[in-house]
Amino acid sequence: MDSWVGHEVPRLPGRGAPLRLFDSARQGVHPTDPDGPATMYVCGITPYDATHLGHAATMIAFDLVQRMWRDAGHEVRYVQNVTDIDDPLLERAARDREDWKVLAMRETALFREDMEALRIIPPAHYVGAVESIPDIVEKVLVLLKDGAAYRLEDGTGDVYFDISAAPRFGYESQLPRARMRELSAERGGDPDRAGKRDPLDPLLWRGARDGEPSWPGGDLGPGRPGWHIECAVIALGLLGATVDVQGGGNDLLFPHHECSAAHVERLTGVAPFAGHYVHAGMIGLDGEKMSKSRGNLVFVSRLRADKVDPMAVRLALLSGHYRADRSWTDDLLVTAEQRLDRWRRAAAAPAGPSGEAFLAGVRERLADDLDSPGALRLADEWAERTLAGTADDPTAPPLFATTLDALLGITL
């Protein structure tokens, strides 16, 4: 599957500081310490709807990770998936009486356009679940042979992962079992399914059903993959047994990231799967949770159609810390537009305060668990002094603009 078109990221003088990130498993901020190329796997969309601001905020967060690693001199190997076959996609297609493949292709194309407009550096590999099915079948068969998976005895052909084969299960999310069961039911699991060895056992392979798409599964029989094994197999195949960062929204912490890590660790015998499990906060609307069921989603494509500058959208999302659950409001966007205008006027000034000091400050803030609000405050202070005409460094405005472009993805 093709990714979106990237853009040139300018080089900055010197070298950035080592990046420190909050790891959900260890519940603290720790240095990322890539040994060789820095590797990152971020869970992408299930393409049954347009890109909303929650998607955008998550992708911007991990875009900052990539920018900071690059600035520190690391080669980056970044993989993102597209869950282009799953129950929500089929349900939406059925509701709208649309071919599920057409729906998936259209929304994936729109996502690419939105990512390009927001200046998200594209992943090196952008991979769909459907194209990964042969590899998924192979790995599910390995888990069956290994005794880490089992078939239900109800004639459906469904195959489940046995979490007893993952003795560290739960280390990433650190949730009590009762809460795990609640979240499993809310987030695509089936804890009450009869015949499972454990209510938390996740689906690996769904046997073919009448009226549903299916693919050859060899000894598994025809069917389609479960959600968590999809990401496990894609990450393992392209990045290896371990990654520096596994990322996504905090609604993926359990069950998705917990289960996908358990799958990889059982397949490889290497743990932990990720050096850092990194999770972005949710975006609400005017104080309420933004969700498809509430019908209160704000779509990036809608804002673009309304002629909102994508840089203002990006800047508005950067004004909150990536890990915080936060709310989108009209005032937030207005403030971002005003801020962007002020920065652009400052960048066009003949001189400003030290650009090198500004660059060092932004590097320091972002190296500390992606403190984008702190970086934005530094930019505000630099712009205020510049527009006041109290500084005389003619090299500073170009470096100010280049720093914002390279590290924050904001083009002036």
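**Entry 1: charges over rings**

I began with the rule I needed: a charge sits over a ring if NZ of Lys or CZ of Arg is within 6 Å of the ring centre and within 35 degrees of the ring normal. I kept in mind that this is a predicted model. With that rule I looked up Arg 323, and I found it over the face of Phe 22, at 4.1 Å from the ring centre. I then turned to Arg 168, whose charged end sits over the ring of Tyr 171, 4.0 Å from the ring's centre.

**Entry 2: aromatic pairs**

How many aromatic pairs does the structure hold? I noted eleven of them. I picked Tyr 150 and Tyr 160, which form a stacked pair with 6.3 Å from centre to centre and 25° between the planes. This pair links distant parts of the chain: I found Tyr 150 in strand β6 (residues 149-151) and Tyr 160 in strand β7 (residues 159-161), ten residues apart.

Is Tyr 150 buried or exposed? Buried means under 20% relative accessible area, so Tyr 150 counts as buried at 5% relative accessibility. I wrote down 0% for the relative accessible area of Tyr 160, so Tyr 160 is buried.

My next pick was Phe 169 with Phe 254, an edge-to-face pair with 6.1 Å between the centres and 75° between the planes. Here too I saw a link between distant parts of the chain, with Phe 169 in the loop between β7 and α5 (177-186) and Phe 254 in helix α7 (residues 253-268), 85 residues apart. Both Phe 169 and Phe 254 are buried.

I also marked one aromatic cluster, formed by Trp 343, Phe 358, Trp 382 and Phe 400.

**Entry 3: helix α11**

I counted 13 residues in α11 (residues 355-367), and from the first C-alpha to the last the helix reaches 18 Å, close to the 18 Å expected at 1.5 Å a residue.

Phe 22, from my opening entry, has Arg 323 over its face.

Last, I checked both ends of the helix. At the start of α11, a side-chain oxygen of Ser 354 reaches to within 3.4 Å of the backbone nitrogen of Glu 356. After α11 comes Asp 369, and I noted that its phi is positive, near 55°.

Key
Residues numbered from 1 in each chain as written. Predicted model: local features only at pLDDT ≥ 70, side-chain atom pairs only at ≥ 80, totals over all residues. Heavy atoms only, no water. Helix = DSSP H or I, 4+ residues; strand = E, 2+ residues; numbered from the N terminus. Expected span 1.5 Å × (residues − 1). Polar contact = N/O pair within 3.5 Å; in protein donor to acceptor, adjacent residues only side chain to side chain. Phe/Tyr/Trp six-rings, centres within 6.5 Å; stacked < 30°, edge-to-face > 60°. Buried < 20%, exposed > 50% of the residue type's maximum accessible area, 1.4 Å probe, protein only.
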